[in-house]
Every structure is written in C-alpha cells, then in structure tokens.
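Subject: Structure for you to look at

Hello,

Here is the structure I promised you. Please open it and keep it beside this email while you read.

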Amino acid sequence: MTQQTVWAELVELYEYRVADVRAGGRPRGGLRALGELRTRLQAASLDPSLTRRLRAADRLYRAYRAGTDTPAEPALSTATPPPRAVGTPDETAPADPAEVRAWAELRGLRWERDLRAGLEALGREWLAQRGQPSLRVLHAAAESAERAAQGQSGEVAVPAAGDPLVALDRPTVARDLLHGVAARMGTPSGWARLRSALLALEAEPLPRHADADVLAAHLRAAEREPLAPAARGELVRALREAHPAGQAAHDRPLLREAAAEVRRRLDTLMERAPSPSLAPGTDLPGGAILYAATPRAALAAPPPEGDTLTLHLAGGREATWRGLHLAWQRVGAGWQLLVEGPGGRTVALLHPERPAADRVQTLPLELLIPEEAALRLTLSGAYLTLDWLTPPGPGLADLAAQARIVAALLRPDEGYAGLRLARAVAGLLRGAPVDEGALGPHSAARYAAAPPGALLTLARKGAAALHARAARLRPEELGPVLEEARERLGLGTDPTERLRGAVLAARGGLPRAAQPVAGGEATLPTDGTPVRLRLPREPHLVLRAAGTELEVRPALGALSVQALGEPEQVLDDLLIVNLPGAQVLLVRSLEDLGAAVLTG
C-alpha cells in the first residue's frame, strides 16, 4: 500500500466522520479522535485532489463547530481555483478585525501583569534601601501626578524618611503605591504626568524654605567668626537647630539621584509596552491562534511543550495540550471550559462581558495531573489565552517537609540547640568531625543577633542538607547519629527528640486537595496536622492559630503575615512564626497556602 493510498483512506475516513457528526451521531473515538485526525491531515503533504476533498470536508466541520452549518458544497468543481497546500496560510486574506482587537487586548493584559510584577521586584529592592529614598520620591511623584490629573497646581514634596503618615517602610503600603503607579503607567496621559513629576523632582525634590537664604548667610558668617573649631561647630549646630528645615538640604542630592534612578527604571519598563492598537494584519503574528479566523494567524496544532496557548473559542470545540484535554461550549453570553487530565476533570466559567480584572483567573491542576501546576486563563471576547504555571522553586509538599525541620531549628527559647544539632548531624553524615567550639552555647548569641531573613536562610540550608542526607537512612539508623551529635555538644534530649520527629514527619506530605478559605478566615488545627488552603484572588485573610490571629495580606510579590501586636513578616515561600508556646509553619506555592501549628 503506497503512502498516497493511506492518505486517501484517511481523507475518506475524515469525510465519513464529519458526515456522522453533522447527522447528529458520535464518531468512533469521539470528537477528540476526529480532531486528532483533522490535525494529522492538515499537516500532511497531499496531492491536489485529496487537498480539495479535505478542504471541502473541513469547511463543513468548521461550520458545524461554529454553529452555522450549511449544506455541503461539491467536493470538486471546474470553477474551483487551484488549491493551496494544506497548512500554507493565505497571505492575501485580510485579518479579522475582532481577532486583531482581541489579540491586542490579550497582549496588553499580559504586559500589565508583567508591569506589576516588574514594579513589585523594583519595590522589594527599594524597600531594602536605608530610608527608602526611591519609594519616597515615587510617592511624591504619584501624588503630584494625581493633582495634575485633577487640574490642581503645585508639586508635592518628598516625605521625610520614616514619616509615619506614609509608612513606606511597610511592604503592604509599598505594594499599594506601586500598583497605583502601574495603573498610571497603563495610560499615555498617566505615564506622561508621572514622568513629568519625576523630572520636576530631579530638579527640586524639596520645597525651598523661606528662611533658606537667611540660614545660608548665617552659616557663611559663622565660618568667618574668629572662633576655635569646637566653638564654631557648636555655633553651626545652633543655627541649624534654629532652622529645622535647613536639615533637609542634606537630603537633596540623595533624593535627586533617587528620582533620576526611578525615572530610568520606569523608562526601561515602558520600553516593553505594546503599541496602543494593532493595525489589521500588521502585528498579528503567524501561527499564534488555534482555530484562528485569520488564515495566516492560524496554529496547526497546539505546541506539545509550549507554556502558552491562545484559542479562538468560536472556531473550535476541543484541543489536546500538555496531556490535558480541553473542551468548551457556549453557556449564555459566556463559555464553559472543561479541562480533563489523568486524575480527573475541572470546569471554569468564562465571562467576556466582565471587567478585565475578572477575565483573568487561575485554575489549579493538582487533582488532574501528578505535578504541581496551574493554568492562568485570560479572556478577551471569544479568545482565550492559557498560560502554564509551575512553582519557581520547590513545590508545596517539599516546602512543607522543609518547614517541619526549619521549625525545629529556629527555637530561640532553647538557645537554637536544634540549629546547632542539625549542623553537627549533617557533618557526621558526610564524615566530617563535629566542631564543638563553633557549635557551642556561645553560638546561640550569634544566631540571635542575626537578621531574621539571614537566619531563616541559614536554617533552610541546614534543613535541606539534613533532609536530603537523612532520607537515605532508615528511621532506626537516624537515632544513633542524633545521639552522637547530642553527646558531642552536650545538649538535652528535648531538642534531639524534636529534631528526630521533624525529620521523620518531613517524609510525609500535604494533602493534594486544597480547602477554600470561606469568609476570609480559617482555624488551623492544633495537633500539627498540615492543611492546604486555596488563596483568594486578592489574599486578605485571618488565620486563627494557638489562640492568636495572623493577618495575611498581599505584599511585594509575596504575602505579609502579622500577628496581633507584632511587626509584619514576609512570606515568600516559607515562614516560621514563633508564638508563645507554639510555632506556625507557613508555605506558599502558586495559589495554595500550606499551614500547620506545632505546640510544645
């Protein structure tokens, strides 16, 4: 049997299956098999007669999927123009205007999301600056731009470092500022006003005090006084104290430099901004949309390992991508998307008429596939972009295992005995001697004086090394190693048993299914059972743990966690909150939060 004979039989099979579907039947293998056959034939090199037959059957199939089925056209006609090869786009066909608008909006929504992420990354850098000069000038520029938008004159001065009224040293406040800046940068007029305000701050970040010239004259006169250096210094200090506004003059060079740097960084982000609109047929890329209305933009088949897929929902009904079967149908004015994987299925409702923020949603896949992943769905009209999301680091189960060990290490009430013990055990497991001098009681003071972030990083490294090495041992083999390290360091039995229990418990994981956080509140069990919570779109919830409430709010690319009466702490992917008589273990990955409470 020749290859052309095989293709002829497959084309005939496709014709029969299309006819069966149009007649209301269900072809063998279902619509998925029909779609796979169609994709295979479209990618094949067929002779002209088979190409014409495939095109005729495909027109009927596309009309059926679009709900505009019409009587079949003759498969062969002397009036039919010479066919193009299958898969070759018609470069002369005009771009569909609705498709151009949807593609432009999808591209704009992606840029806005990237812009917020870029600003949050800059915000974390600026938050770490001493006195936060960059955030202070950005705050002043944003306020000045707001005044200009309302038709008010006058520039807003840069607030002083540590000003409690603006509280720019708090991650949640800085996030709100940066999201407001992102909204301004999303419009040409808003960006022009913000940039103009930054340029004005580069020239003069602080209003000139009415007595500034008088103070300058007094200071020059003081320099000419025939006084001893110590007496002259006292005179200068007295003059400055008499004119407190003069102190701000020392900040001017720093603030000017900060304003220039902020402007340059924002300019860099704006260089990647899309054009306000797409000219039809100009920027619509080829092979970008599955079931596209514009032939040259049509994607023959979903990329097997691609991280992004855009669908024209009105042009088809199903697709297979990254091991998932996608099927969709109209429901009223919107769409219903069914995502099916080896482990089950889930459904998402898509509403084109809603605001842009409500047309972006994340669909977890924890019960559908064995790996930890999620789909971000972005909708514009009848066009849907799917982004495949995976954790940037360890998944939630691995983080929860690590957190159990980290909690045993970060016990200041025990002089960080767990941390010292873990370092000794890690050394013994790799055949190194225990450095009793470096890990003695005096080392507890060094750990207590370390910044919380640096201490957490050190504990995580120790926990990861211990977990990896202990995983190669049987449970009964771990005890002797712990006992030897304990004796070398002269520690008690409590830290040893706690660390042993944490290492053994870390071999378990979190439940796969996440519990939604109802009403923004959740109570954590006190018996150490880990729970997996589904975070709301804008996480702002209260966790009740061991008689204390923890407030969880969005921060700069992370979450802010604050116990009542305590300072904020930042949860990137792992955090241990020490409470009186308890520890709260928090881990985060994608849209889920893992939590556990350890007492005693």
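Rings of Phe, Tyr and Trp (for Trp, the six-membered ring) pair if their centres lie within 6.5 Å. Planes under 30 degrees apart count as stacked, over 60 as edge-to-face, and the rest as tilted. Bear in mind that this is a predicted model.

Aromatic pairs

How many aromatic pairs does a search of the whole structure find? The search finds 3. One of the pairs involves Tyr 291 and Trp 328. Their ring centres are 6.2 Å apart and their planes stand at 55°, so this pair is tilted. Now look at where the two residues sit. Tyr 291 is in the loop between β1 (289-290) and β2 (298-299), while Trp 328 is in strand β5 (residues 324-331). The pair therefore ties together parts that are 37 residues apart in sequence.

Helices α4 and α10

Next, find helix α4 (residues 97-127) and helix α10 (residues 252-270). Their axes come within 10 Å and cross at roughly 155°. Angles over 145 degrees count as roughly antiparallel, so that is how α4 and α10 run relative to each other. The crossing of α4 past α10 is right-handed. Which residues of α4 meet α10? They are Trp 111, Leu 115, Gly 118, Leu 119, Leu 122, Glu 125 and Trp 126. On the α10 side are Val 262, Arg 265, Leu 266, Leu 269 and Met 270. Sorted by class, this contact has 9 nonpolar, 1 polar and 2 charged residues.

Helices α6 and α7

Then move to helix α6 (residues 171-185) and helix α7 (residues 188-203). Here the axes come within 6 Å and cross at roughly 120°. α6 and α7 are therefore oblique to each other. From α6, the contact uses Val 181, Arg 184 and Met 185. From α7, it uses Gly 190, Trp 191 and Leu 194. By class, that gives 4 nonpolar, 1 polar and 1 charged residues.

The sheet

Last, the strands. An open sheet is formed by 5 strands, in the order β11-β13-β20-β19-β18, with mixed pairing. Which strands are at the edges? They are β11 (515-516) and β18 (574-579), each pairing on one side only. Strand β13 (residues 531-534) and strand β20 (residues 592-599) run antiparallel and are joined by 4 bridges. Leu 533 has Leu 593 in β20 as its bridge partner. Helix α11 (residues 396-409) lies across β13, β18, β19 (582-589) and β20. Relative to β19, α11 runs at about 155°.

Best wishes

How values were computed. Residues are numbered from 1 along each chain as its sequence is written. This is a predicted model: local features need pLDDT of at least 70, side-chain atom pairs count only at pLDDT 80 or more; totals for chains, interfaces and linings use all residues. Side-chain values use heavy atoms; hydrogens and water are left out. Axes are lines fitted to C-alpha atoms, for helices over the stretch in contact, and angles run from 0 to 180 degrees between N-to-C directions. Helices (H or I, at least four residues) and strands (E, at least two) are DSSP runs, numbered from the N terminus. Angles under 35 degrees count as roughly parallel, over 145 as roughly antiparallel, 65 to 115 as roughly perpendicular and the rest as oblique. A crossing is left-handed if the near helix is turned anticlockwise from the far one by less than a right angle, and right-handed if clockwise. Contact means heavy atoms within 4.5 Å. Ala, Val, Leu, Ile, Met, Phe, Trp, Tyr, Cys and Pro count as nonpolar, Asp, Glu, Lys and Arg as charged, and the others, Gly among them, as polar. Two strands pair if DSSP finds at least two bridges between them.
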